[in-house]
Amino acid sequence: MARATIAILLLGCCTCAVWSVNDRLREVFSWRQLDFVFPDQKTRQAAIASGEYVQANNLPLGLEVWRDKLFITVPRWKAGVASTLNYVSLGSDSDRNRSPPLVPYPNYATNRLPANNQQAAGRIVNTFRMAVDACNRLWLVDMNAANGTEYGDPKLMVFDLNTDRKVRQYTIGASLRRSDGSTWFPGLTVDVDANQCDRAHAYLPDIGWGMVVYRWRDDVAWRVEHPYFFFDPMATVFNMGGVRTEWQDGVFGVALSRRRANGRRTLYFHALASTRMFGVDTSVLQSNGTAAATYDEYRHLGYRPSGMQAATMAMDPVTGTLFYALVNQDAIGCWNPDRWDGRHSTNTSAVVARDPVALNFPSDVKVDANSNLWVLSDRMPRFRFRVAEFDVTDVNYRVLSAPVVRMIKGTVCDNNDS
């Protein structure tokens with residue numbers, strides 16, 4: 001481990017202590033371009049010939065960890081994505097291929113696009129991020145649309161990771177989405193205990209300024225709306241890796257607190273186009289109450305300086321630390337709400353890693369069952385908006401990891417720091 005060095009980074013109007021990525025995170029995987037494990041060489045060649053697989057059009061976005069599997073999503077933003085839900089084996093360090101091909105999950109056939117605009121049925125068309133719950137289930141939202149073609153309504157899908165079988169599929173009908181077509185589900189989080197698997201609730205943020213709550217036991221869902229789900233008009237400009245764009249994305253990042261003595265939890269959330277943090281008791285979301293009746297139950301917890309918009313979030317239940325991907329800063333931030341009585345500010349949060357190369361657009365963060373932080377970075381703005389400047393001969397995609405205790409040591413997120 002290199003000796004830790006502290007740099008001072010000027011962010012808006014504040015100074016924050018920042019650690020280089022090499023001081024805390026280690027690179028686990030990296031790719032110039034993505035490849036896949038096809039059923040056989042003939043299938044691979046046919047996919048290339050037909051345009052079903054165009055290597056340069058495959059970009060990883062979301063990640064999740066379960067035992068020795070690292071799941072990776074590849075959205076169908078462009079034609080030629082071979083498989084949208086995949087995994088690679090973590091294995092042992094000595095045996096690991098540092099740029100492995102992605103293995104379609106649960107198989108290649110389930111991830112193929114339907115032919116001739118047919119209904120997608122049980123296929124996975126286009127997913128962005130996913131969540132593993134305490135009951136060894138993998139949850140995802142399939143937007144059911146790709147390359148300008150809609151194959152049906154979006155759907156929530158759940159897989160039993162012990163058997164690799166789909167155990168639930170729920171259609172997200174029109175009443176749960178915005179009528180103007182702006183609904184998009186960037187990810188989800190799942191609220192469940194291992195000894196009560198049938199009492200799960202999933203929270204699906206919709207950047208179209210709403211949230212869908214799904215109850216497993218009754219196989220039912222409802223939509224919740226609140227002004228705190230909206231974007232901040234003062235935070236719609238993004239400068240990411242030299243790419244300027246404007247986004248009006250609403251609620252995006254969600255993470256659950258540790259369970260309190262009364263059995264409840266807080267759902268922390270923020271819009272992508274915002275630097276503010278909010279929270280609401282999960283009992284409010286699960287009650288399916290009217291907006292007027294629950295309006296005051298939502299809390300504004302504070303904000304970060306201008307330019308510190310964040311995408312996804314992840315909570316470490318061991319330390320109570322919440323991590324978030326600072327997409328404008330090529331950085332990872334942390335905040336420990338338990339330590340600071342739920343107050344979110346410059347003084348109660350920290351930037352624990354920053355690197356303009358290795359963390360160029362951190363697209364997802366997760367904390368695994370062993371309290372390790374995982375980060376995926378992918379240079380997405382350049383891939384999507386400046387294709388001519390996207391160098392496929394360079395290392396573009398990375399997965400990095402570190403123990404949470406190492407990430408937060410000596411910061412305001414560390415409970416042991418006095």
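Here is a friendly talk about the disulfides of this predicted model.

Modeller: Local features of this predicted model need pLDDT of at least 70, side-chain atom pairs count only at pLDDT 80 or more, and totals for chains, interfaces and linings use all residues. Residues are numbered from 1 along each chain as its sequence is written, and side-chain values use heavy atoms, with hydrogens and water left out.

Biologist: What makes Cys135 and Cys197 a disulfide?

Modeller: A disulfide is a pair of cysteine sulfur atoms within 2.5 Å. The sulfur atoms of Cys135 and Cys197 are 2.1 Å apart, and the two form a disulfide. Cys135 sits in the loop between β8 (127-132) and β9 (137-142), and Cys197 in the loop between β14 (189-191) and β15 (201-206). Strands are DSSP runs of E with at least two residues, and helices are runs of H or I with at least four, numbered from the N terminus.

Biologist: Why is the disulfide of Cys135 and Cys197 called left-handed?

Modeller: The torsion about its S-S bond is about -100°, so it is left-handed.

Biologist: Why is Cys197 called partly exposed?

Modeller: Buried means under 20% relative accessible area, exposed over 50%, and partly exposed in between (1.4 Å probe, protein chains only). Cys197 has 26% relative accessibility, so it counts as partly exposed.
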